[in-house]
Amino acid sequence: MVRKILGTLGLGVGLMAAPMVASAAIIVLDFEGVGNSVPVGNFYNGGGGPNYGVEFSPATLAIVDSDAGGGGNFANEPSPDTIMFFLDANNAILNFAAGFDTGFSFFYTSSTAASVNVYDGVNGSGNLLGTLNLNAQHTSGCTGDPNGTFCNWTPVGVNFAGIAKSIDFGGTANQTGFDDITFGSAEPGRTPVPATLALFGLGLAGLGWSRRKKA
Ligand SMILES: [Ca+2]
Ligand SMILES: [Ca+2]
Ligand SMILES: [Ca+2]
């Protein structure tokens, strides 16, 4: 039987390569490969990335660090070089229709305080299972890599009872970024990359649009 290269790769480095952790499957979304200023959409729902059955609302975008050729005004992201953010705070939701349990977590950077809510129905419906509170910490004790105003990333997570099916991301449009979104654990799945030497800092306004005209 002729073995297809892609088929072999799929078995070798796909879902089955994930380490077994405890009894519950832990899934980490690192947004690598989605693109720059591209909606995450169905990337994790059969649309190019690992198919976890996770669907993002249209307002959620992936963005690549400007130091890696994208348009992102951030640094020290836990999994370089792509993160998720949104441009419409009222419509930044992910649906995990099959459901997940135990915990939910991620790393974030934010210039404003915000809340992220976990629900047991899709599209932010049903019962509120947990809330993650975010602080304004984006510039605290950090520098660019070499560029990027949003340079401080904080792990945050919550344990909950029941089966969660959607996440409603709070925050301010273009002012809150997320990476290594983790299902099944209150501790996000990756370790932050340490800050590297800063050459200079720039006072750019937003996470996503660092190329706009400077004051
Ligand atoms: Ca970076
Ligand atoms: Ca950067
Ligand atoms: Ca990433």
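**A walk through the sites**

Modeller: Leaving aside neighbours within four places in sequence, T182 is in contact (heavy atoms within 4.5 Å) with I26, I27, V28, G103, F104, S105, E187, P188 and G189. This is a predicted model, where local features need pLDDT of at least 70 and side-chain atom pairs count only at pLDDT 80 or more, while totals for chains, interfaces and linings use all residues. Residues are numbered from 1 along each chain as its sequence is written, chains are lettered from A and ligands numbered from 1 in the order in which they are written, and side-chain values use heavy atoms, with hydrogens and water left out.

Colleague: Why is T182 called buried?

Modeller: Buried means under 20% relative accessible area, exposed over 50%, and partly exposed in between, with a 1.4 Å probe and protein chains only. T182 has 0% relative accessibility, so T182 counts as buried.

Colleague: Where does T182 sit, in terms of strands?

Modeller: T182 belongs to strand β12, residues 176-183. Strands (E, at least two residues) are DSSP runs, numbered from the N terminus.

Colleague: What does the side chain of T182 reach?

Modeller: The backbone nitrogen of G189, at 3.0 Å from the side chain of T182.

Colleague: Now the metals. Which residues coordinate the calcium ion (ligand 3)?

Modeller: D30 (O), E32 (OE), S79 (O), S79 (OG), T82 (O), D179 (OD) and D179 (OD) do, at 2.3 to 2.6 Å. Donors are N, O and S atoms within 2.8 Å of the metal, or 3.2 Å for Na, K and Ca; water is not among the atoms, so sites may look incomplete. Two of these residues link distant parts of the chain: E32 lies in the loop between β1 (27-29) and β2 (38-39), and S79 in the loop between β4 (60-64) and β5 (82-86), 47 residues apart.

Colleague: How do you know whether E32 is buried, exposed or partly exposed?

Modeller: E32 has a relative accessible area of 24%, so E32 is partly exposed. S79 has 6%, so S79 is buried.

Colleague: What makes the site of the calcium ion (ligand 2) irregular?

Modeller: Its protein donors are D65 (OD), D65 (OD), D67 (OD), F74 (O), D145 (OD) and N147 (O), lying 2.2 to 2.5 Å from the ion. Six donors count as octahedral if opposite donors are over 155 degrees apart and all others between 65 and 115; four count as square planar on those terms, or as tetrahedral if all angles lie between 85 and 135 degrees, and anything else is irregular. The angles among the six donor atoms here run from 54 to 168°, so the site is irregular.

Colleague: Which residue bridges the calcium ion (ligand 2) and the calcium ion (ligand 1)?

Modeller: D65 does, and the two ions lie 4.0 Å apart. The protein donors of the calcium ion (ligand 1) are D65 (OD), E77 (OE), E77 (OE) and D145 (OD), 2.1 to 2.6 Å from it.

Colleague: Why are D65 and E77 called buried?

Modeller: D65 has a relative accessible area of 2%, so D65 is buried. E77, at 1% relative accessibility, counts as buried too.

Colleague: And G71, where is its place?

Modeller: G71 is in the loop between β4 and β5. With a relative accessible area of 8%, G71 is buried. G71 and L207 are 136 residues apart in sequence and 8.5 Å apart in space, C-alpha to C-alpha.

Definitions and conventions: Helix = DSSP H or I, 4+ residues; strand = E, 2+ residues; numbered from the N terminus. Polar contact = N/O pair within 3.5 Å; in protein donor to acceptor, adjacent residues only side chain to side chain.
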